Amino acid sequence: MLVMAVNEKSMNAMLSPNLARAKYFAFVSLEDNSVDFLDNPASQSSGGAGIKAGQFLIDNKATVLITQKLGQNASDMLTGTVELYTGINSSLKDNLEKFHNNELIKGIGAHPGYHNG
């Protein structure tokens with residue numbers, strides 16, 4: 001299952017710049033490209049959003065994640081479990097096409113995260 005974070009339930013939605021704070025996760029079947037949009041339970045968390053989002057992806061059988069940025073906590077949790085790809089600043093549809101054409105960079109640099117306090 002391929003996952004991307006978005007703020008709208010649409011194939012034309014832009015990839016969210018922040019994984020843990022996105023409103024939705026688009027779960028895309030690698031077999032038929034069918035999409036299910038699930039609410040991101042971490043989006044309104046006061047803290048620990050990266051850990052909560054990462055665990056949600058693992059619990060929902062994510063195998064591939066396309067994202068523009070990844071906080072250190074989510075990166076630590078997902079590395080080795082989920083294949084990580086750096087997405088482009090474009091729509092879910094465009095990122096999916098780039099993935100299928102092997103045009104995305106494998107791996108992603110993690111940032112320290114957006115911690116409160």
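This is a predicted model: local features need pLDDT of at least 70, side-chain atom pairs count only at pLDDT 80 or more; totals for chains, interfaces and linings use all residues.
1. Let me start with the surroundings of S43. Leaving aside neighbours within four places in sequence, S43 is in contact (heavy atoms within 4.5 Å) with A20, R21, A22 and K23. The residue sits in the loop between β3 (35–39) and α1 (49–59); helices (H or I, at least four residues) and strands (E, at least two) are DSSP runs, numbered from the N terminus. A polar atom of the S43 side chain lies 3.2 Å from the backbone oxygen of N40. S43 counts as buried because its relative accessibility is 14%, where buried means under 20% relative accessible area, exposed over 50%, and partly exposed in between (1.4 Å probe, protein chains only).

2. Residues are numbered from 1 along each chain as its sequence is written, and side-chain values use heavy atoms, with hydrogens and water left out.

3. Now the overall layout. The protein has three helices and eight strands, and from the N terminus on its elements run β-β-β-α-β-β-α-β-α-β-β. Its C-alpha atoms fill a box of roughly 40 × 25 × 25 Å along the principal axes. The radius of gyration is 13 Å, which agrees with the value near 13 Å for a compact globule of 117 residues; this radius is taken over C-alpha atoms, and the globule rule is 2.2 Å times the number of residues to the power 0.38. Of the 117 residues, 44% count as buried. Among contacts between residues at least 6 apart in sequence, 49% join residues at least 24 apart.

4. On to the sheet. Six strands form an open sheet with the order β3-β2-β1-β4-β6-β7 and mixed pairing. At the edges stand β3 and β7 (105–106), each with a single partner strand, so one side of each has no neighbour in the sheet. Two strands pair if DSSP finds at least two bridges between them. β1 and β2 run antiparallel and are joined by five bridges; V28 in β2 is the bridge partner of L2.

5. Two helices deserve a look against that sheet. Helix α3 (residues 92–100) packs on the sheet, touching β1, β2, β3, β4 and β6 (83–86), and its direction makes about 150° with that of β1. Helix α1 lies across β1, β2, β3 and β4, running at about 25° to β2. For these angles, axes are lines fitted to C-alpha atoms, for helices over the stretch in contact, and values run from 0 to 180 degrees between N-to-C directions.

6. Which residues of α1 are buried? They are A49, G50, A53, G54, F56 and L57. These residues are on the same side of α1 because they cover an arc of only 160° around the axis, the arc being that of the directions from the helix axis to the C-beta atoms. The buried residues of α1 pack against β1 (2–6), β2 (24–28), β3, β4 (64–67) and α2 (72–78). After α1 comes K61, with a positive phi near 65°.

7. Finally, L38, which is found in strand β3. L38 is partly exposed, with a relative accessible area of 30%. Leaving aside neighbours within four places in sequence, its contacts are K23, Y24, F25, F27, F56 and N60. The C-alpha atoms of L38 and A49, eleven residues apart along the chain, are separated by 16 Å.

Key:
A polar contact is a pair of N or O atoms within 3.5 Å; within protein, one must be able to donate a hydrogen and the other to accept it, and residues adjacent in sequence count only if both atoms are side-chain atoms.
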